[in-house]
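Biologist: I have not looked at this one before. Can you put it up and take me through a few parts of it?

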Amino acid sequence: MLDRFCKTPSLGTLYLTATHLIFVDPDAKKETWILHMHIANTEKLPLTTTGSPLLIRTKTFLSVTFVIPKERDCHDIYITLQQLSQPSNVEELYCFTYTSPVEEMPKSLGWDFFNLQAEYERQGVPNEQWCLTKLNSDYDLCETYPKYLIVPASANITTLMGSSKFRSKGRLPVLSYLHHNKASISRCSQPLSGFSARCLEDEKMLNHVLRTNPNANYMFVVDTRPKINAMANRAAGKGYENEAFYENIKFQFLGVENIHVMRNSLTKVIETCEQKNPTMNSFLSGLESSGWLRHIKSILDTSWFIAQAVDDGINVVVHCSDGWDRTAQVCFLAALLLDPYYRTITGFQALIEKDWLAFGHKFSERCGHIQGDSREISPVFTQLLDCTWQLMQQFPLAFQFNEKFLLTLHDHVHSCQYGTFIGNSEKEKIELKLAQKTYSLWGYMANYLNEYENPLYDPADFSGVLVPILAPQKITFWRGMYCRFESGVHPREPQTDLLAATVNHTHSLDDHIKYLSKRISSMKSFIAKAVENKFNKLNDSRSRNAPTDNRYFYEKTKELEASDHDHPLKASPEARVDDLSPSKSGQNLSKDLDSVALDWKSLRNTNECICSSYFDQCSQKTHCRRCGYLNQQNVSVCKPCYEILVNSTETSD
């Protein structure tokens, strides 16, 4: 295996399974697992003297070359990977065959975590201005919208149906987010206006949206596209609203480019990151020519314009072309800026459920889940996560989740291991019976929430609207996403993981200090009583021939036993009874001092678990609180230390 960041090639065995490509290097004690669904493309390179090279690029930005001795074997692997990485239909995806360990999570876990109606109720909807309509209960009004929609209470069925027919894909204006000041964000698709067409029902519909907010006499309609793109769509019978037909509405074009421009931009970013001998000039010029950071800024600018308008009490209606790419991005980010609930782990997931899963996004096409038109692939969701990361850099205390949370979302959107992001709409998800046939990503993440928590999170300081600084110098390159494999095929540890390990170590030592303090206090009490009893014996000559009074031994045992209950690594709930002699009590206290590791091993440059299992690139490394070594299980102590604790408990019993 050739790694562009390592001068020495790795020698090992390549295994091709039904779901993964696995490379095992026994000398370096490393395993490299590549999920077939993560493979973006494979390329056969020219033959060399050592064999036939096969270049693999993944959707997680890993680039690795395997040199296979026989050209025929290389060709067979190449053909097989092409077939396995892009199935011909949805039901062949990994999620339909994946089985999680029963003890880890049941298949039903996570599918009922979020409910769209409950989320609207949290926002105070339905109310006098907004009502729930069941007009789309059979997905007849708009098949890419959710079953239940929130629309202006004053709009009748005729208005709703007329507006739906005048909007691309039937995506009429509906409520996405209601702020506490009654200003709202509504979303839709472009009108089928052409050069001169108009629709009275659609004009009424926007007027009804305007009247839901009694605090403003006008509202914004934000077209996220560059105006020249919107004008070009007029030739296809689509386009944008004619200002002459819509009263008290201000129209804004905000210049977010289309999916094709974004796809080409990311391709240039990848090429820049894969330079064999990059210089500062070549990297910066490559990043500049890609335009990637400029696109990220344009999305954030649009989102902040919407959030600022809503915070000022003005309604906003948002659309792009079909209303499921750029519209989803900016509606999501605007709500993230406005509502601190969405900056929690649960809230962020709920926002994804609402703006991306319920209201539809073409995940199958944009992520290349199945065979199809490659021109439909685009990093729309990747850009959303990048924009979120930019906000996290500016407000590190405002978000409950960390960088690993975003990376996990990104990787599993493409992995197809869970059914959460399969299908393009709520209707498709029901037809595929994903909740019955597949596992939920939310259920999996619920078991590992501690890995995604930001140790710096302080909601009290950021309980209102976030005001980002969107100057060009504040938009930075997300090295943790696009260059995470710069240290080799095993990604570098994020800073948040190092910070979380430090916090856990501190808590471990704090617990140990409390325990030892209690033990020392008990020892002091015991010694004082022992001295007092001995003094009394010397002065009482009549007690020479009397039976030995074991009362102080009983009291010592009782006191030390009580203090021993609180040991942070105690393997059994039963109390351990110390030996009765003072010398052994001192020995036990000495053992207690060493029973918790004071020095934790570094997360970096560690290849294997203490049980000799190789670390993979996905699982989080955790420290054993007794010995300080790393293991791959999310437990307080490693297996060897657990056995020692159990044996010591049994011996003392």
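Modeller: Let's start in helix α2, residues 116-122: E119 and R122 are 3 residues apart there, so about one helical turn separates them. Keep in mind that this is a predicted model.

Biologist: What do E119 and R122 form?

Modeller: E119 and R122 form a salt bridge, and their closest N and O atoms are 3.0 Å apart. In general, side chains of opposite charge can pair when their charged atoms come close.

Biologist: Is E119 buried or exposed?

Modeller: E119 counts as buried because its relative accessibility is 6%, and buried means under 20%. R122 has 35% relative accessibility, so R122 counts as partly exposed.

Biologist: How many salt bridges does the structure hold?

Modeller: The structure holds 19 salt bridges. One of them links the side chains of R198 and E203, at 2.9 Å from N to O. R198 is partly exposed, with a relative accessible area of 44%, whereas E203 counts as buried at 11% relative accessibility.

Biologist: Which residue forms a salt bridge with D355?

Modeller: That is K354, with the closest N and O atoms 3.0 Å apart. D355 counts as buried at 0% relative accessibility, and K354 counts as buried at 1%.

Biologist: Which residues of α1 are buried?

Modeller: C74, I77, Y78, L81 and S85 are the buried residues of α1. They cover an arc of only 105 degrees around the axis, so they sit on the same side of α1.

Biologist: What do those buried residues pack against?

Modeller: They pack against the strands β1 (13-16), β2 (20-25), β4 (39-44), β5 (52-58) and β6 (63-68).

Biologist: And which exposed residues are on the face turned away from the buried side?

Modeller: R72 and Q83 are the exposed residues carried by that face of α1.

Biologist: Now the sheet with β9 in it. What order do the strands have?

Modeller: The order is β9-β10-β13-β11-β12, in an open sheet of 5 strands with mixed pairing. β9 (174-178) and β12 (249-253) each have a single partner strand, so they stand at the edges and one side of each has no neighbour in the sheet. On average, neighbouring strands of this sheet are turned by 25 degrees against each other, direction ignored.

Biologist: In what sense do β9 and β10 pair?

Modeller: β9 and β10 pair in the antiparallel sense, over 4 bridges, with β10 made of residues 184-187. As one example, L178 has S184 of β10 as its bridge partner.

Biologist: Which strands does α8 lie across?

Modeller: Helix α8, residues 292-311, lies across β10, β11 (219-223), β12 and β13 (316-319). Its direction is at about 170 degrees to β11.

Biologist: And where does α9 lie?

Modeller: Helix α9, residues 326-338, lies across β9, β10 and β13, and runs at about 165 degrees to β10.

Definitions and conventions. Residues numbered from 1 in each chain as written. Predicted model: local features only at pLDDT ≥ 70, side-chain atom pairs only at ≥ 80, totals over all residues. Heavy atoms only, no water. Pairing = 2+ DSSP bridges. Helix = DSSP H or I, 4+ residues; strand = E, 2+ residues; numbered from the N terminus. Axes fitted to C-alpha atoms, helices over the stretch in contact; angles between N-to-C directions. Contact = heavy atoms within 4.5 Å. Buried < 20%, exposed > 50% of the residue type's maximum accessible area, 1.4 Å probe, protein only. Arc of directions from axis to C-beta. Salt bridge = Lys/Arg side-chain N within 4 Å of Asp/Glu carboxyl O.
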